[in-house]
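Subject: Structure for your review

Hello,

Please find the structure below, with its sequence. My notes on what was found in it follow.

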Amino acid sequence: MAARIDIAELVSEGVAVIVATRDAELRPELSRAWGPALSEDGERLTVCVEAEPHSAMERNLEPGSPASAFIARLTSHAGVQLKGSVVEVAAPTPDRLETVTRHVDGFVAETAGVGVPEPLARALVGPDLLTVTIAVAERFDETPGPGAGRPL
Amino acid sequence: MTEVVDLESIRDCLRAGLPAPMATCSADGTPHISHISQVEYLDRERVATSRQPFNRTLPHLQSSPFSQALVVRPTTGEQFRLDLRYLHTATAGEEFEAMRANVEAIASQTEQDAALRLRGLDVHRVLRCTRVKRGLSEPKRPPTPDPLVLLEQLARRLERPTSHEEVTRELIDALEDLFGFRDAAVIAPGDIEARSGLIRTAASRRRVVVTANIARARSMAAAVTDGEDPDGALAVTGQAEARSAAAVPLVVGKDVIGVLHLESPKPSAFGGRTEGLLRIVGAHAAAALAARGAPARPLAPDGDPPIELVYYEADDTVLCDSAYIVKGAPGRILWSMLKAHAESGRTQFTNRELRLDESIGLPPGNDNLESRLLALRRRLADIDCGVTLERVGRGRLELGLERPAELTEVPTGVPQARR
């Protein structure tokens, strides 16, 4: 049996983060997200989500709206999915942007391990970030294989 | 401002070797994210996504057909969102078989290939395709020649050779000259089983299969095998820097007469339109090879005596029908290949395996292997002894024997015949 994933440890690494929301017609919207941070009790995930002005992502990111975050280490494919609802949306503070910078550096090192050159990895980072806090209600192991999808 | 783009213009982003995040919604409205290993272009309005055992999107698609996938252009980092509407799931047919061949090529590298097996092809209508943001600008390149012109040139070049071996050489040269594919090799039918899953799958499925990102395929294989390291399993020509690979079956009627194998140091070198191009190249090459009959070496006339090859361990001398061929390190190299051929019928060898062959015992580091092989090839060509050695790709050699051979080893201490 695979070892239990340590979500806090995973979040602290150069992981790939994808956030999904949806509109009233259940049309989903995806964005990359950067600088993930988990609260000490593991109940809240704060992350800077790419949300271009006037985009569907920006519209969907309302307090109370459902949101999910997929967090994966690219070199090992170890991954988790956290599902919950948005509790807060704000412009990123300078401290938060520093967290983003550190995370992007870690992400670049991680993607090099799967053959992605640094310029391409950095090109994946978008300019329009919103700091989003998600209250986590469900956690799933998403590491590929027979155990994928089991609740954590 | 959202920029809408034509799906046709981003075909190179599909099956690009990077996992595509895909979002769906469960019946209760909770967004769900999965990673799709293959997004396949079907036509200008439809794509298909691979559904493997650990992919749980189908129940969501059945309750709400909308999904969104995020794909990346591997050369620039540009990203595109595909807004999709689920149509149906295919579990048979041409499109399903094509994707299954690719998925199985990767799955064959692991012991738990069932975990990677393709269960279905989810077909979606593309509602909208939009650019997320601009990544790096494309490097300026000379205008790409019309692929039809290149294919015509290839067809003309394959008309000239008069033998099976010449066609192989011309094909490899033309692939580099016309298409820039430097690492190409033709795998003989007898060698296919000993090769990687990519090559075996191409032959057994009779389909072009592509590994767009070897590093990712390896790490994914390690993930599903619970941490076992399959490093190296996907490399077949020994090019350590290879990042993508393709295998093209050479099919004539019911027979697979070989597999054209290509590697590139660039990720995603063989995806998109290139895959279709390779299909045509494979058809031309197969027809050209078949038109010259079988390779020369198996056509030994009945009744001819076998080639007598003798190896003297004392100084690594190799004799052919009592005539001296070579000695020293080149002698050990030749004998190693002759023995492998006698034991398994193999005809193709790589520089890498020769370097690792302990029976040859080349010194690590500066082993002068290339110059030794060049001398050996020239020597065999000069004496016309019925044994040939040809370069059939970068770092790849093909051993030829005009007729069956008998091998004799004379250990050290046994008196040598005069030569």
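Ala184(B) sits in strand S9 (residues 183–187) of chain B. Please keep in mind throughout that this is a predicted model. Ala184(B) counts as buried because it has 26 C-beta neighbours inside 10 Å, and 20 or more are needed for that label. Setting aside residues up to four places away in sequence, Ala184(B) touches Ile172(B), Leu175(B), Leu260(B), Leu262(B) and Gly393(B).

Chain B as a whole

Chain B contains 10 helices and 19 strands. It has 419 residues, and buried residues make up 46% of them. Among contacts in chain B with a separation of 6 or more, 71% are between residues 24 or more positions apart.

One is a hairpin. Strand S14 (residues 317–320) of chain B and strand S15 (residues 323–326) of chain B run antiparallel and are joined by three bridges. Val318(B) stands opposite Val326(B), which belongs to S15(B). Two residues lie between the strands of this hairpin, and Asp321(B) takes a positive phi there, near 50°.

The other is a pair of helices. Two packed helices are described by the angle between their axes and the distance between the axes. For helix H8 (residues 329–344) of chain B and helix H10 (residues 369–383) of chain B, the angle is about 75° and the axes are 10 Å apart. H8(B) and H10(B) are therefore roughly perpendicular to each other, since that term covers 65 to 115 degrees. On the H8(B) side the residues that meet H10(B) are Ala329(B), Pro330(B), Ile333(B) and Leu334(B), and on the H10(B) side they are Arg372(B), Ala375(B) and Leu376(B). By class, this contact of H8(B) with H10(B) has six nonpolar residues, no polar ones and one charged.

Chain A

Chain A has four helices and six strands, and along the sequence they come in the order α-β-β-β-α-β-β-α-α-β. Of its 152 residues, 50% count as buried. Residues 24 or more positions apart account for 68% of the chain A contacts with a separation of 6 or more.

The strands of chain A form a closed barrel of six, in the order S1-S2-S3-S6-S5-S4, with antiparallel pairing. On average, and with direction ignored, neighbouring strands of this sheet are turned by 40° against each other. S1(A) and S2(A) run antiparallel and are joined by six bridges. In this pair, Ala20(A) stands opposite Leu30(A) of S2(A). Helix H3 (residues 94–112) of chain A lies across S1, S2, strand S3 (44–50) and strand S6 (129–141) of chain A, and runs at about 100° to S2(A).

Two histidines in chain A loops deserve a look. Which of them is buried and which is exposed? His54(A), in the loop between S3 and helix H2 (56–60) of chain A, is exposed because it has 9 C-beta neighbours inside 10 Å. His77(A), in the loop between S4 and S5 of chain A, is buried because it has 22 such neighbours inside 10 Å. Phi is positive in both: about 70° for His54(A), which is not a glycine, and near 70° for His77(A), also a residue other than glycine.

Between the chains, and the cores

The contact between the chains takes 33 residues from chain A and 37 residues from chain B. On the chain A side, the elements that give two or more residues are strand S1 (16–22), strand S2 (28–38), strand S4 (66–72), strand S5 (79–90) and helix H4 (118–123) of chain A. That side has 17 nonpolar, 12 polar and four charged residues.

The largest nonpolar core has 72 residues, and those with the most contacts inside it are Val17(A), Val49(A), Ala69(A) and Val71(B). Leaving aside neighbours within four places in sequence, Val17(A) is in contact with Arg32(A), Ala33(A), Trp34(A), Pro36(A), Val47(A), Ala69(A) and Ile71(A). Another core lies apart from this one; it has 68 residues, including Ile187(B), Val259(B), Ala269(B) and Leu319(B).

Regards

Notes:
Residues are numbered from 1 along each chain as its sequence is written. Chains are lettered from A and ligands numbered from 1 in the order in which they are written. This is a predicted model: local features need pLDDT of at least 70, side-chain atom pairs count only at pLDDT 80 or more; totals for chains, interfaces and linings use all residues. Two residues are in contact if their C-beta atoms, placed from the backbone, lie within 7 Å. Ala, Val, Leu, Ile, Met, Phe, Trp, Tyr, Cys and Pro count as nonpolar, Asp, Glu, Lys and Arg as charged, and the others, Gly among them, as polar. Two strands pair if DSSP finds at least two bridges between them. A nonpolar core is a set of buried Ala, Val, Leu, Ile, Met, Phe, Trp, Tyr and Cys residues joined through C-beta atoms within 7 Å. A residue is buried if 20 or more other C-beta atoms lie within 10 Å of its own, exposed if 12 or fewer, and partly exposed in between; C-beta atoms are placed from the backbone. Axes are lines fitted to C-alpha atoms, for helices over the stretch in contact, and angles run from 0 to 180 degrees between N-to-C directions. Angles under 35 degrees count as roughly parallel, over 145 as roughly antiparallel, 65 to 115 as roughly perpendicular and the rest as oblique.
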